[in-house]
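Work through the exercises below with the sequence and coordinates open. Each task is followed by a solution in steps.

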Amino acid sequence: MVKRKYIAPNAITAAGLFLGYLSITASIKGEFIRAIVFIILAMVCDGLDGKTARKLDAFSEFGKEFDSFCDAVSFGLAPSLLVYSILTQKIAASPFIVPVSFLYALCGVMRLVKFNIITVASSEKGDFSGMPIPSAASMVCSYYLFCYMINKHLGINLFNIDALMAITVIAAVLMVSTMKFKTPDKAFPFIPKKFAGVFIILVVITLPISLFIVTYAYVLINIMSHVTKRFFGTENSFDDNVEMEEIIEVIEEENPEEKDLKEENK
């Protein structure tokens, strides 16, 4: 019998899957803004199911696998079909429509498979190897939504088919890369935690604009951090020290005798 504590997070995950399914149906109908809204709501569910699981201590391998399968639909297939539908409407004869849209779906699924292989279900939330798939979906969706709102309210057409295809390919590549992506709280350390609620409210109120800004700021911050570490090595020593301290703490917790002996030698 399923324990009650697992019901709530898995129900939220299922809701995210349903929203992804609705997004796919909207894209097929050519209702692109509605499709994007459903994907954004699925992102909310993706954040809530994790928080709920941590609050209830309801982590399980089933929950991890279920979440990944649902993410594959909501943030893999749904954005892929959104791109396919937009490109089909704008440039129906282009030979790049299927390759570009399928590449995104393929990389999204590969990203989730890799995530499941290298992680275990737990309450710990560390940095990511490769860009998280919700961020990739946000790159695609926020660009179209931003251009749509600017054109609607200011009459300026910023949308470009080549730019959409480039963003889709870049998002796909970043998902399967080995680039380290920090969690949002680490990527935006200049935002005090006590103001995080206010920041989230402002993002929600100005969603069509702020989602685009926050998403691309998050991606650029992580890319710049990766480039800085790779070519200048300014943060490598710090990260290595932090990781070594964490390893030492784990060893000491598992072997309290060694910790006591170390303290005596001091």
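**Overview**

Of the 266 residues in the protein, 39% are buried. The model is a predicted one.

**Exercise 1.** State how many helices and strands the protein has, and give their order.

Step 1. The secondary structure consists of eleven helices and two strands.
Step 2. Read from the N terminus, the elements follow the order α-α-α-α-β-α-α-β-α-α-α-α-α.
Step 3. Among contacts with a separation of 6 or more, 79% join residues 24 or more positions apart.

**Exercise 2.** Find which residues touch the most other members of the largest nonpolar core, and which elements supply that core.

Step 1. The largest nonpolar core holds 54 residues, and M131 and F159 touch the most other members.
Step 2. Two or more residues each come from helix 1 (4-29), helix 2 (32-56), helix 3 (61-90), helix 4 (97-118), helix 5 (133-154), helix 6 (161-176) and helix 9 (207-231).
Step 3. Helix 5 gives the largest share, eleven residues.
Step 4. Beyond four places in sequence, M131 touches R111, A136, M139, A171, L174, M175, F181 and V219.
Step 5. As background, nonpolar side chains in soluble globular proteins tend to be buried together.

**Exercise 3.** Decide whether A171 is buried or exposed, and list its contacts beyond four places in sequence.

Step 1. A171 lies in helix 6.
Step 2. The relative accessible area of A171 is 0%. Buried means under 20%, so A171 is buried.
Step 3. Leaving out neighbours within four places, A171 is in contact with Y104, M131, A136 and M139.
Step 4. A171 and M139 are 32 residues apart along the chain, and their C-alpha atoms are separated by 7.0 Å.

**Exercise 4.** Work out how helix 3 is oriented against helix 4, and what classes of residue make up their contact.

Step 1. The axes of helix 3 and helix 4 come within 9 Å and cross at roughly 170°.
Step 2. Angles over 145 degrees count as roughly antiparallel, and therefore helix 3 is roughly antiparallel to helix 4.
Step 3. The contact of helix 3 with helix 4 has 16 nonpolar, six polar and three charged residues.

**Exercise 5.** Identify where pLDDT stays under 50.

Step 1. The mean pLDDT of the protein is 84, and 84% of its residues reach 70 or more.
Step 2. By element, helix 6 has the highest mean pLDDT (96) and helix 10 (residues 236-254) the lowest (46).
Step 3. Residues 236-248 stay under 50, and the model has five contacts for them beyond four places in sequence.
Step 4. Residues 261-266 also stay under 50, with two such contacts.
Step 5. Where pLDDT is low, the predicted coordinates should not be read in detail.

How values were computed. Residues numbered from 1 in each chain as written. Predicted model: local features only at pLDDT ≥ 70, side-chain atom pairs only at ≥ 80, totals over all residues. Heavy atoms only, no water. Core = buried A, V, L, I, M, F, W, Y, C linked by side-chain atoms within 4.5 Å. Buried < 20%, exposed > 50% of the residue type's maximum accessible area, 1.4 Å probe, protein only. Helix = DSSP H or I, 4+ residues; strand = E, 2+ residues; numbered from the N terminus. Contact = heavy atoms within 4.5 Å. Axes fitted to C-alpha atoms, helices over the stretch in contact; angles between N-to-C directions. Parallel < 35°, antiparallel > 145°, perpendicular 65-115°, else oblique. Nonpolar A, V, L, I, M, F, W, Y, C, P; charged D, E, K, R; others polar. pLDDT = per-residue confidence, 0-100.
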